[in-house]
Structures are given as C-alpha cells and as structure tokens.
Amino acid sequence: MASAVVGLRVRLVGALAVLLVVVSCARMPTDGPVVEGEPVGVVPIRQLSEGPAAGATPADVVAGFLQADQDYELARLYLQPGTARSWRPSEETVVFAGYTPQTSYVDAGRDVPADVAGVGEEVVELTARLALDVVAVVDTAGRYVQQPPGTNRVVELVLRRDDAGQWRIATVPDLALLPQPDFQFAFRSYLLYFLDPTRNLLVPEQRWFPESESAPTQVVNELLDGPSPWLGPAVTSAFPPGTRLASPQVVAVDGPVVTVPLTASAREAVPADRLLMRAQLLATLRSQLGVSDVRMSVDGAELSLPEDGQTPRRDPDVSPTPLVLAEGVPARLEGSRLVPVPDLPALDGLGISHPGLAYGNTGLAVLAQERSQLLTLRSGADQPSEPLVVGADLTAPSFDWRGWVWTSSAASTGTVSAVLPGGQAVEVLAPWLQGRRVTSLRVSREGTRVLVASTTADGIGVVELAGVVRGQDYRPLRLTDPTPLATGIGLAVVEEAVWVDENQVAVLGRSAEEVDLQVVPVDLGGPLVDPLAPVVGASNLAAGNGVRSVVVSTADGRLLEQEGTAWVELQDARGALQPAFEG
C-alpha cells in the first residue's frame, strides 16, 4: 500500500549504548528503502523491512508482522498466500500499551522458548500467543473506544511451514495491532458533521481513520452511512436516503477543491438540501484536508447548487463573560470586577445558588431553597417565577437554544426535567439513569446532545454523552442510550462536566487516591487528554470558548483561571461562586 503508515524499529547507535525506538512514518513511498523522520535533536535512520528473510524463524516472522503496523501490504508478506488474500485488518484496530507485546509460543500444547521455537525440522506448526494490554479499540467505522485500565487480550497467530520450508502466518484474526505510541502517526481524526432537527446547526461526531490517500473516501462513506446509534435519533442529514459514493470512483482531492462523486439518488435533493449536503461535506473535510470548496457530481456532471441559501452554523460561540453568584445575587464578571445583574427582583430568604444563563443573555435561572426548586428571574419583574421544577439536590440549570431549562434530581428515577420559563414542563425519559446519583447535566450548544455526570450504584463516577430526541415544536422527549467518555483518570467522584467547544468537554473530579479535585479535558471520541493541575478547594467549573476559557471556583469564594500550567486567582473577583457561561 503506497501511502500506508509503517511502524519501524529504529536503532540509534552511540559510542556507549544502543537505544531501540519504534516510530511511524506517514504516507511512506515504496520506491526507496529509507526515509527521514521529523527532527528531534537527532534525525533517526529508519530501517525498512522488505518482508521476511529466507530462513526467518517464527519469532522473526511475528516481529516483522507486528512492525508493519498499518502497512497492510507489507504485513501480508508475512502471511501465507491464502491468508494474505482473506485477511481483513480494517475490521478492528487494537491499540496496545508499549511497543512489543509479550509473546509466547506453543508447540502441540507445550510452551517452547522463542529462540528455539520452530528450529527443529520436524516442527511444522506453532501458535504464537500475544498478550496485549489494550488501551483502545478502533472499529471499522472509525469509532475510537477507550478501554478500562487493566483490559487484557490474547491474540493467537498460527504459523506453519510453507512448501519451501519457510515459516509464515497461516491463521490471523481480522484485526490490526498498533502500539499506542504509533497511534498519533498512523491515524488521523475527522469530525463527521450532521444536522440538528432545525437544519440550522451542524453537529459533529469524531471518527479516526488510517493516514492514507484513501482516507477522504472512507470519511465520506461513513458520513453517508450516518451517525452512531447513540446520536442517530437526535440528528438528521440532508443527503437523500440511499445516497452513496458512485462506485468505483473515489473522493478526489485537488489542492483546495474536493470532488465527491455521488449516486443518482443525490439528484433527488431539492436545491436547499443540496446546499446543506455541501455544507456537511465541507465541514467534515475542511479541518484535516484544508479544503475550501466541495463539488458534488452525478454521472460525471457537477450537481447544480442555488446561488444563495441558508448555510448551517457550527460550534456557536458563547459570551466570554461568565455569570457568578456574589453576595447572594447573580453578578457578571466584567474584566476582573463583579457587577450585580441590574433590576432583578428581591431574592432575600430564597437561598439561591447555581445561576444559569440563557443564550443571548435572554434569561436567568437559579436554584433555591437548598437546591430543591428551580426558578427563573427576569429584569424588572417584581418577584421570581413560581417554582418550575421541585426536587431534591437539583443539578445546576442548563439552557438549550430553544429556551428549555434542564435539571435533574440527584437521585434519578429514570427521567430528567426540561421546562420553559413560561411554565411548560416535561419529564424527559432517561431510563439508563435509574438508580444513579446525578451530579451534572449540560445540554450542548446545538441542542442535540446532553453531557451527564453521575455516580453508579457501585459508587463509580462516570461521564456519558446521550442524544436528545425531540418531537413536535422541538419538545424534548427522551435521551438516547449513552456512550461513555474516557476521563483520563479513574474517577471515584465526578462533581461537574461542562462543554468547552463542539467536541471537547471538561470534567471536575478526582480519583479515590486524591484529595483535591482536578480538571480533566476530554475529547469526545478520542484518546485520553492529560488532566490539568489539581485545584485545592475546587467546587464548581465553567467554560466558555475553548479550554483556555475554563474557570474554577472554590467553596471559599476564589475564582481561578489558567495561566500557563498553573491556576491563578482573579483578585478583584473575590467572593464569586458557581460560575456559568451561556447554556
């Protein structure tokens, strides 16, 4: 495969030591034995394998097969011909810790040392058992699934002598094995963009594909296949049902322009939908390929588009000014000063907490009476609203773009609450939360996803993502079965989870061994991200636009923001509690 990524063993020879390093080379040409890597002090020399040497031992064959990483054509050289033709490595990629799995060899049920395995001419078959510490699995659709710590897996390779007496792999599972350090070189992430129910906003789902010339074709195929089951009921797509890439054509990238050949069903799209189709493709391909235009064709003829029309937005920004609670009333952080929100009704005796802010600064919501009531506040009103939701230990209010305010009682009965400021309320079905302790619930900025932090009946802190299924007038009906997120540390306590941007969230939690809470950035559908520095006394978390906007408040009224790798207090904001940005 001319553009495959090859994991290679590199020897850097010094005067006193030899250091063995495994690296990967993206988009490797096939007409030369050596390519140069990125300079890191010293440019390493990469020794490329050309397949097994004559007389290679079983251990040599297994090692060469593993070193091929994502260069499937190179890996097939270590397989017997029939196996090479039938092997489907793209079905699953197993990402394992380290570079070389622990390997043992079995001959007729007996363990044999690697250095003598298969040496005797009477031995014609061996089984190599690869013990893997599995970090993640990438499925054939590009979904990256982080595995729990301590996940182990044994992969067996059966080796046999061929007619020439050479050892080759005769049986191999339909999967590829990839060392964790090579993953960032071998794979590239793409955001597949779908549409919210109004078709005004784009909704991303992250997928991962091997770095190759065929990646754009794979990406478009998956976009046309649609979203994952957890997201599917919450979103839509402008492509007419049955639209596929026109076989055997591929997505052609020509500088800043991508041409996407589609089947005849694409012609059925009305002009407005054709613009949305183009918007989905352009948003999906732009981030990684740097393209500025997408052209769609059917039977070689470019699909016509209207001259004007509505283009859906992606990742809407929120106001950079957070709302906080200061001296018992909602206040704005303007610069580094706390300014009370003007003309609010009297709040004496209500014990308000956890303010929430509607998009466009069009409304406020708070919890009251020791988090047992959800109220809305309006400037100029004589008094707060009547309680819109009543419960116990309600989660901080979260507004969606339609004006619904979301909350949940801590002890979940399998529903969450959504209410309009005018009083219309619904119980949104979420049976998977039954018996959990819910600590945080936040609706995404395009309104199709909900981020939920909870503690299971076993006392394990989890953060999950679910889709919002809406009915008539976009009324919330239910949450889809969730997909879990990788939080980077084994969290025993999860206090809060907030949106940072369209595909990243931040979690405030701690492991069982820690005392102080720390902020953990989380990519939705991606590898683990290193947590930020712990925050002594942290109690609440908020984020605006991007990870650098994250702020943390403490129980004693300090408001902290990031400066480099440290948390720095905003001195003039002393007394600020429970920050919240729009949404």
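Predicted model: local features only at pLDDT ≥ 70, side-chain atom pairs only at ≥ 80, totals over all residues.
**Gln373 and its partner across the strands.** Glutamine 373 sits opposite valine 390 in E23. E22 and E23 run antiparallel here, held together by two bridges. Residue numbers start from 1 along each chain as its sequence is written, and side-chain values use heavy atoms, with hydrogens and water left out. Strands (E, at least two residues) and helices (H or I, at least four) are DSSP runs, numbered from the N terminus.

**The whole four-stranded sheet.** Follow the open sheet in the order E20-E21-E22-E23, with antiparallel pairing. Because strand E20 (353–357) and strand E23 (389–390) are the edges, with a single partner strand each, one side of each has no neighbour in the sheet. Pairing here asks for at least two bridges found by DSSP between two strands. Strands of a sheet pair through backbone hydrogen bonds.

**The E21–E22 hairpin.** Strand E21 (residues 364–368) and strand E22 (residues 373–377) are antiparallel and share five bridges. Leucine 364 stands across from leucine 377 in E22. Four residues lie between the two strands of this hairpin, and in the turn glutamine 369 has a positive phi of about 50°. E22 is mostly covered, with four of its five residues buried. Buried means under 20% relative accessible area, exposed means over 50%, and partly exposed is in between (1.4 Å probe, protein chains only).

**Helix H6 under cover.** Helix H6 (residues 271–289) runs for 19 residues and reaches 26 Å from first C-alpha to last, close to the expected 27 Å at 1.5 Å a residue. That expected span is 1.5 Å times one less than the number of residues. Its buried residues include Asp273, Arg274, Leu275, Leu276 and Met277. Among the elements covering them are strand E11 (187–195), strand E12 (202–210) and helix H5 (215–225), along with strand E14 (257–262) and strand E15 (293–298). Just past H6, glycine 290 has a positive phi of about 65°.

**Met277 in the largest nonpolar core.** This core has 53 residues, and Val260, Leu262 and Met277 have the most contacts inside it. Set aside the neighbours within four places in sequence, and methionine 277 is in contact with Ala238, Phe239, Pro240, Leu262, Ala266, Ala269, Met296 and Leu303. A second, separate core of 34 residues includes Ala75, Val123, Ala128 and Ala176. A nonpolar core here is a set of buried Ala, Val, Leu, Ile, Met, Phe, Trp, Tyr and Cys residues joined through side-chain atoms within 4.5 Å, and contact means heavy atoms within 4.5 Å.

**Two loop residues with positive phi.** Arginine 199 has a positive phi of about 65° without being a glycine. It lies in the loop between E11 and E12. Its relative accessible area is 25%, so arginine 199 counts as partly exposed. Aspartate 393, another non-glycine, has a positive phi of about 50°. Look for aspartate 393 in the loop between E23 and strand E24 (398–399). With a relative accessible area of 42%, aspartate 393 is partly exposed too. Most residues other than glycine have a negative phi.

**Pro320 meets Asn545.** Proline 320 is in the loop between strand E16 (301–302) and strand E17 (323–326). At 67% relative accessibility, proline 320 is exposed. Asparagine 545 is 225 residues away from proline 320 in sequence, but 7.2 Å away in space, C-alpha to C-alpha.

**Inside the largest cavity.** The structure has four cavities of 30 Å³ or more, and the largest holds about 150 Å³ of space. It is lined by 15 residues, and Arg442, Val498, Ala543, Phe581 and Glu582 are the closest to its centre. Strand E28 (437–443), strand E33 (491–501), strand E37 (538–542) and strand E41 (577–580) each give at least two residues to the lining. A cavity is a set of points on a 1 Å grid over the protein atoms alone where a 1.4 Å probe fits but cannot get out, and lining residues have an atom within 4 Å of a point. Grid points are joined across faces, edges and corners, and the volume is the space filled by probe spheres set on them.

How values were computed:
1 Å grid on protein atoms, 1.4 Å probe; cavity = no way out; pocket = protein on both sides within 12 Å on 5 of 7 lines; lining within 4 Å.
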